Amino acid sequence: MKKLFIFLGKGGVGKTTSSAALAFWLAERGKKVFWFSVDPAHNIGDLLGETELSRPKKVYRELYAQEVDVDRFLEDFLSEVSSRMKSLYRHLKVSGLEDIFDVMKLSPGMEESAILYAIHDRLTAVDADYVVIDTPPTGLTLRILALPTINIKWIEALKRWRLKILDRRSMVAHIKGEDHFGGAPVKKEDDRVLAELDSHLEKMRFLEDVFSRRGFCVKILVLNPDKLSIREGLRIKETLARLKMGIDLVLVNKWGLSGDVLSEIEKAFPDTSMFTLPFIEGKAALSKEELLFLAGQWADKVL
Ligand SMILES: Nc1ncnc2c1ncn2[C@@H]1O[C@H](COP(=O)(O)OP(=O)(O)OP(=O)(O)O)[C@@H](O)[C@H]1O
Ligand SMILES: [Mg+2]
């Protein structure tokens, strides 16, 4: 994979349209492109007029599109975790785990986690030159971008606690023998909990690296010429800065639809390349040619 593209911006500004435009533009140039959505709103299917995109589907030249069913991914993810936990904690005879996992589905942060693991799953499974993500609403996307770093801190703390437990066990085992713990692991290398933590840590480090690598993970802010989307754009810029990430390109989409606010936008994003994209009148859905025309204004700047 050479680059990953993420689009940010207020609802309805043209994130899906711009991600589609880039995906088609790259495919038009012979690139192998994977364009996928983790947005429960299923925007890609609507744009393509396709209903069955649960698996990657070739939609144009070497362009493959997929709509990841995040709810289903969450179900599968939790039932897999549930069966692993049951097997890990067999010695404790934990019962009724299904109930816990039913509640967990509704816990805060679960949607973000599921989307994050879905992104990891797709990025590590697909073989494409360029990956374009059609993101969910901005608030959710920003939380997803922040999550790997937060998770790394958590997992590292959990690992420290786990190592302490194993340390104590090994001290006791020294005196009373390893059987004292009824089959529970004593050595680091036998401990599946530690292995589980390491596997999550590896995934989170991979994602943290992917999201923060400048020039590789290209973040494109889409605005419309209106004050609300500019204000939202500024909030996105501030949040990304806190995550030590930046905006690589600003697209002022639907240009001509309302008053001239370009100087305001230039003031808000003084150091970022910016392109205005015309509002194409009278269309419920833009054609492939129109998408290619829109991407033609800017796409070569992000390659
Ligand atoms: N340059 C344009 N000219 C004309 N119509 C456009 C243009 N860009 C986007 N649109 C239209 O605006 C609507 C919203 O666009 P789109 O779905 O891409 O926005 P979005 O930011 O992905 O929205 P959401 O936040 O709901 O996912 C769509 O009907 C799309 O066809
Ligand atoms: Mg969209």
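Colleague: Which element gives the largest share of the shell around ligand 1?

Modeller: Keep in mind that this is a predicted model. There are 20 residues around ligand 1, with Gly11, Gly14, Lys15, Thr16 and Thr17 the closest. Two elements give two or more residues to that shell, namely β7 (249-255) and α1 (15-28). The largest share is three residues, and it comes from α1.

Colleague: How many residues of the shell around ligand 1 are charged?

Modeller: Sorting the shell by class, nine residues are nonpolar and eight are polar. The charged ones number three.

Colleague: Back to α1, then: how many of its residues are buried?

Modeller: The helix has 14 residues and reaches 20 Å from first C-alpha to last, close to the 20 Å expected at 1.5 Å a residue. Just after α1, glycine 30 takes a positive phi of about 85°. As for cover, α1 is mostly covered, and its buried residues number 13 of 14.

Colleague: Which element gives the most to the largest nonpolar core?

Modeller: That core has 64 residues, and Ala23 and Val33 are those with the most contacts inside it. Leaving out residues up to four places away in sequence, alanine 23 touches Val33, Trp35, Leu63 and Val132. The most, eight residues, comes from α1.

Colleague: Which residue of β5 stands opposite tryptophan 35?

Modeller: Take the β4 side to begin with: β2 pairs with β4 (residues 63-67) in the parallel sense over five bridges, and there valine 33 stands opposite leucine 63. With β5 (residues 130-134), β2 also pairs in the parallel sense over five bridges. In that pairing, the residue opposite tryptophan 35 is valine 132.

Colleague: Why does leucine 228 count as exposed?

Modeller: Leucine 228 is found in helix α8 (residues 227-242). Leucine 228 qualifies because its count within 10 Å is 12.

Colleague: How far apart in space are leucine 228 and alanine 128?

Modeller: In sequence, leucine 228 and alanine 128 are 100 residues apart. In space, going C-alpha to C-alpha, the separation is 36 Å.

Conventions: Residues are numbered from 1 along each chain as its sequence is written. Chains are lettered from A and ligands numbered from 1 in the order in which they are written. This is a predicted model: local features need pLDDT of at least 70, side-chain atom pairs count only at pLDDT 80 or more; totals for chains, interfaces and linings use all residues. A residue is near a molecule or strand if its C-beta atom, placed from the backbone, lies within 6 Å of it. Helices (H or I, at least four residues) and strands (E, at least two) are DSSP runs, numbered from the N terminus. Ala, Val, Leu, Ile, Met, Phe, Trp, Tyr, Cys and Pro count as nonpolar, Asp, Glu, Lys and Arg as charged, and the others, Gly among them, as polar. A nonpolar core is a set of buried Ala, Val, Leu, Ile, Met, Phe, Trp, Tyr and Cys residues joined through C-beta atoms within 7 Å. A residue is buried if 20 or more other C-beta atoms lie within 10 Å of its own, exposed if 12 or fewer, and partly exposed in between; C-beta atoms are placed from the backbone. Two residues are in contact if their C-beta atoms, placed from the backbone, lie within 7 Å. The expected span of a helix is 1.5 Å times one less than its number of residues. Two strands pair if DSSP finds at least two bridges between them.
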